[in-house]
Amino acid sequence: MSVFDVHFWPDNKKIKVRPGTTLLDAGNKAKVHIRTRCGAKAACLMCKVKVTDQSGLAPLNTNERLKLGSQADEGIRLACQARVMGTVEVTIPEDPLKAAIRAQLARQAEDDDFI
């Protein structure tokens, strides 16, 4: 049986998985944190990931297409729904809370430079 590489960014972790594995399951196997809370039912939309070259994934299913709308055209996929069918590179967006904290710390550092 064939296996495919899934490469997760920015963690720079790579894992080999069987065809049909979801990106969420591949991420769990690679110990890459992908946010979710709906139990992989495409309900919470927290597991959005960016996949520039989608040739390594199965086409969007109806549920995923409806949930993502125009974001699907920008390379966004739901990790709980996107199934691996070839080698793929996945970028996991920064957690919104971590991004807000990082931005606040950067502003504080800039303010400290002016004092």
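**Entry 1: a charged pair**

Are Glu64 and Arg77 buried or exposed? I looked this up in a predicted model, in which local features need pLDDT of at least 70, side-chain atom pairs count only at pLDDT 80 or more, and totals for chains, interfaces and linings use all residues. I number residues from 1 along each chain as its sequence is written, and the side-chain values use heavy atoms, with hydrogens and water left out. I find Glu64 buried and Arg77 buried as well, where buried means under 20% relative accessible area, exposed over 50% and partly exposed in between, with a 1.4 Å probe and protein chains only.

The two residues form a salt bridge in which the closest N and O atoms are 2.8 Å apart. Because Glu64 lies in helix α2 (residues 62-68) and Arg77 in strand β4 (residues 76-78), the pair ties together parts that are 13 residues apart in sequence. I take helices (H or I, at least four residues) and strands (E, at least two) as DSSP runs, numbered from the N terminus.

**Entry 2: the other salt bridges**

I count a salt bridge when a side-chain nitrogen of Lys or Arg is within 4 Å of a carboxyl oxygen of Asp or Glu, and by this rule I get four. One of them joins Lys16 to Asp5, with 2.8 Å between the closest N and O atoms. This pair links distant parts of the chain, since Lys16 sits in strand β2 (residues 13-17) and Asp5 in strand β1 (residues 4-9), eleven residues apart. I note Asp5 as partly exposed, at a relative accessible area of 21%.

Another salt bridge brings together the side chains of Arg65 and Asp73, at 3.5 Å from N to O. Here Arg65 is partly exposed at 38%, while Asp73 is exposed at 62%.

**Entry 3: strand pairing**

I then followed strand β1 to its partners, counting two strands as paired if DSSP finds at least two bridges between them. β1 and β2 run antiparallel and are joined by five bridges, with Phe4 standing opposite Val17 of β2. Their hairpin has three residues between the strands, and Asn12 takes a positive phi near 55° there. β1 also pairs with strand β5 (residues 88-91), this time in the parallel sense and over four bridges, and Val6 faces Val88 of β5.

**Entry 4: backbone details in the loops**

Which residues does a cis peptide bond join? I find Trp9 and Pro10 joined in this way, with omega about 5°, and Pro10 belongs to the loop between β1 and β2.

In the loop between α1 and β3 I noted Lys31, which has a positive phi of about 65° although it is not a glycine. Lys31 is exposed, at 68% relative accessibility. Ala42 is found in the loop between α1 and β3 too, and its phi is near 60°, again a positive value in a residue other than glycine. Ala42, however, is buried, at 1%.

**Entry 5: cysteines**

How many disulfides does a search of the whole structure find? I get zero, taking a disulfide as a pair of cysteine sulfur atoms within 2.5 Å. The sulfur of Cys44 has its closest cysteine sulfur in Cys38, and the 3.7 Å between them is too far for a bond. For Cys80 the closest cysteine sulfur is in Cys47, at 3.7 Å, which is likewise too far for a bond. I list Cys44 as buried at 18% relative accessibility, and Cys80 as buried at 5%.

I also checked Gly39, which is in the loop between α1 (23-29) and β3 (48-50) and is exposed at 54%. The C-alpha atoms of Gly39 and Cys80 are separated by 8.5 Å, although the two residues are 41 apart along the chain.

**Entry 6: the largest pocket**

My last search ran on a 1 Å grid over the protein atoms alone, where a pocket is an open set of points that fit a 1.4 Å probe, with protein on both sides within 12 Å along at least five of seven lines, and where lining residues have an atom within 4 Å of a point. The largest pocket holds about 320 Å³, the volume being the space filled by probe spheres set on points that are joined across faces, edges and corners. I find 15 residues lining this pocket, of which His33, Ile92, Pro93, Glu94 and Asp95 lie nearest its centre. The lining divides into eight nonpolar residues, one polar and six charged, with Ala, Val, Leu, Ile, Met, Phe, Trp, Tyr, Cys and Pro counted as nonpolar, Asp, Glu, Lys and Arg as charged, and the others, Gly among them, as polar.
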